[in-house]
Amino acid sequence: MIKKAIAVMTSGGDSPGMNAAARAVVRTAISEGVQVYGIYNGYKGMIDDDIHELTSRSVSDIIQRGGTFLGTARSMEFKTPEGRQKGFQNLQKHNIEGLVIIGGDGSLTGGSLLSKETGVPIVGIPGTIDNDVWGTDYTIGCDTAANTIVDAINKLRDTASAHRRIMIVEVMGHTSGWLAVMSGIAGGAEYVLIPEVKFDIPDMCRELKEAYDNGKRYSIIVVAEGAGSGIEIGKQVEELTKIDTRVSVLGHIQRGGSPSVEDRMKASMLGEKAALAIISGASDVVFGFNEGKVVSINLFDAVNNTKTLNPELIRLARVLA
């Protein structure tokens, strides 16, 4: 059944390109003659009834902006059946017949529970810089974040070389090393430490010491936060190598900034597909990319399976170190 009114929301950690996706959802819905609402501040906003109708002008001048104009917030209340029911009642109050959720694994899990318990149609768009949503090669924001890290590595290399230092760069990635591996390869890092692969710091330090003894001027080590604290690893490295070591924890700077062309384009493509799907009556699907093409993924499969890091990337990082 064709929907007359839908809503779009962003949830979880913000990522560059979320605005482009939301813009595409809104303008596609309007072009189809469908009312579209924005849910502000994620699931918290759904519970608080922070829901407002959007127009084409509502999403003008946002495609180039990082973050999310809809806002995002964590909601412990939504994790309860009572909280989800309250949010659903607010959707009904506005006659909203379907919901597009832009967010990561946790946000999509919340959507799957809402769908199971209330029957409201849900279509997901994966938005997370970690690129860790199962079933898709790409998630919104991962390209911009990787470029931000590589830009930092390029700058850190200059000062590392000037002082013959070891520079350790801690990047985001609690359970996934995708950002670390991609930025490590592109940034020319000597070592990439990720949660998926065991590593031996004493062995690494012996190799570093030997390289410096043979005239090496600097080394870059990229550490995913899930592999350990960059600060603690830095202390161990300096103690074992006796080489001046500095640590840079990039933190939330990885989330910000104007989205790259790839993030703007892919987010726009996913936003259009999601809007058309929810309007036409689809539910419980996530739209992502596989080998450059937009694909649909079962929502429950996406949230109940764990994405694994491509072993070819891990191998390449080792070969090029």
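**Figure 1. Salt bridge between Arg-246 and Asp-244 in the predicted model.** The closest N and O atoms of Arg-246 and Asp-244 lie 2.6 Å apart; a salt bridge is a side-chain nitrogen of Lys or Arg within 4 Å of a carboxyl oxygen of Asp or Glu. Arg-246 is partly exposed, at 36% relative accessibility, and Asp-244 is likewise partly exposed, at 27%. Here, buried means under 20% relative accessible area, exposed over 50%, and partly exposed in between (1.4 Å probe, protein chains only). Arg-165, Asp-244 and Arg-246 are linked in a network of salt bridges. By this rule, the count comes to 13 salt bridges.

Residues are numbered from 1 along each chain as its sequence is written, and side-chain values use heavy atoms, with hydrogens and water left out. In this predicted model, local features need pLDDT of at least 70 and side-chain atom pairs count only at pLDDT 80 or more, whereas totals for chains, interfaces and linings use all residues.

Figure 2. Lys-266 and Glu-262 form a salt bridge of 2.8 Å, N to O. Lys-266 is buried, at 19% relative accessibility, while Glu-262 is partly exposed, at 31%.

**Figure 3. The largest nonpolar core.** A nonpolar core is a set of buried Ala, Val, Leu, Ile, Met, Phe, Trp, Tyr and Cys residues joined through side-chain atoms within 4.5 Å. This core has 57 residues, and those with the most contacts inside it include Ile-6, Val-8 and Ile-102. Helix H5 (residues 142-163) gives the most to this core, with eight residues. Leaving aside its neighbours within four places in sequence, Ile-102 is in contact (heavy atoms within 4.5 Å) with residues including Val-8, Met-18, Ile-125 and Ile-140. A second, separate core of 25 residues includes Ala-7, Ile-96, Ile-101 and Val-133.

Definitions and conventions:
Helix = DSSP H or I, 4+ residues; strand = E, 2+ residues; numbered from the N terminus.
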